[in-house]
Amino acid sequence: MHSEPDTPARRWRVETALPVCKLGGAALFVVLGALFADGDPVRLGAGLLVGAVLLGWGVRDLVAPVRLAVDPDGVTVIQGFAGRRHIPWSEIERITVDTRPRLGLATETLEIDRGASLHLFSRYDLGVAPREVAEVLHAVRAGGPAY
């Protein structure tokens, strides 16, 4: 029996506070651009541009908050701005967690390697540590418990 991608066994999503911060930042940059423009169209344009980018980024988080889902048939990943793509287990070559030091801190990235494409997810995309998600994905792929 094939599970529908819209009804996954487990989903990971962007935390609610993140799009709120992005939308608040967008409003802040627009206001600051207008306040400090002082007749300079470049300053106003810079504030509006940064505000528009943050607005688009925040709207994406609201429209498509679920970044990754897993079910017994495979994983569903976000594709494009707000689309989804179901990838069967047979197409997935590797699931790994890449850890790199950045600015004195270690950052983790979940990598789902499909051969033809590589899907990357950070803690901000998943709402939890990528290592925890990788463990769940490996368990579901092996036919074990999903939680």
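A search of the whole structure finds eight salt bridges, a salt bridge being a side-chain nitrogen of Lys or Arg within 4 Å of a carboxyl oxygen of Asp or Glu. One of them joins the side chains of Glu-91 and Arg-114, with an N to O distance of 2.9 Å. This pair links distant parts of the chain, 23 residues apart, with Glu-91 in the loop between E4 and strand E5 (94-102) and Arg-114 in the loop between strand E6 (105-113) and strand E7 (118-121). The model is predicted, with local features needing pLDDT of at least 70 and side-chain atom pairs counting only at pLDDT 80 or more, while totals for chains, interfaces and linings use all residues. Residues are numbered from 1 along each chain as its sequence is written, and side-chain values use heavy atoms, with hydrogens and water left out.

**Four-stranded sheet**

- Four strands form an open antiparallel sheet in the order E1-E2-E3-E4, where strands (E, at least two residues) and helices (H or I, at least four) are DSSP runs numbered from the N terminus, and two strands pair if DSSP finds at least two bridges between them.
- Strand E1 (10-13) and strand E4 (83-88) stand at the edges with a single partner strand each, so one side of each is left without a neighbour in the sheet.
- The twist averages 20° from one strand to the next, with axes being lines fitted to C-alpha atoms, for helices over the stretch in contact, and angles running from 0 to 180 degrees between N-to-C directions.
- Strand E3 (residues 74-79) and E4 run antiparallel and are joined by six bridges, and Thr-76 stands opposite His-86 in E4.
- Helix H4 (residues 130-141) packs on the sheet, touching E1, strand E2 (66-71) and E3, and its direction makes about 30° with that of E2; contact here means heavy atoms within 4.5 Å.

**Three-stranded sheet**

- A further open sheet has three strands in the order E5-E6-E7, with antiparallel pairing.
- E5 and E7 are its edge strands, each with a single partner strand, so one side of each has no neighbour in the sheet.
- Neighbouring strands of this sheet are turned by 30° against each other on average, direction ignored.
- E5 and E6 pair in the antiparallel sense over nine bridges, and the bridge partner of Asp-98 in E6 is Thr-109.

**Helix pair**

- The axes of helix H1 (residues 17-36) and helix H2 (residues 41-63) come within 8 Å and cross at roughly 165°.
- H1 and H2 are therefore roughly antiparallel to each other, a term that applies to angles over 145 degrees.

Conventions:
Parallel < 35°, antiparallel > 145°, perpendicular 65-115°, else oblique.
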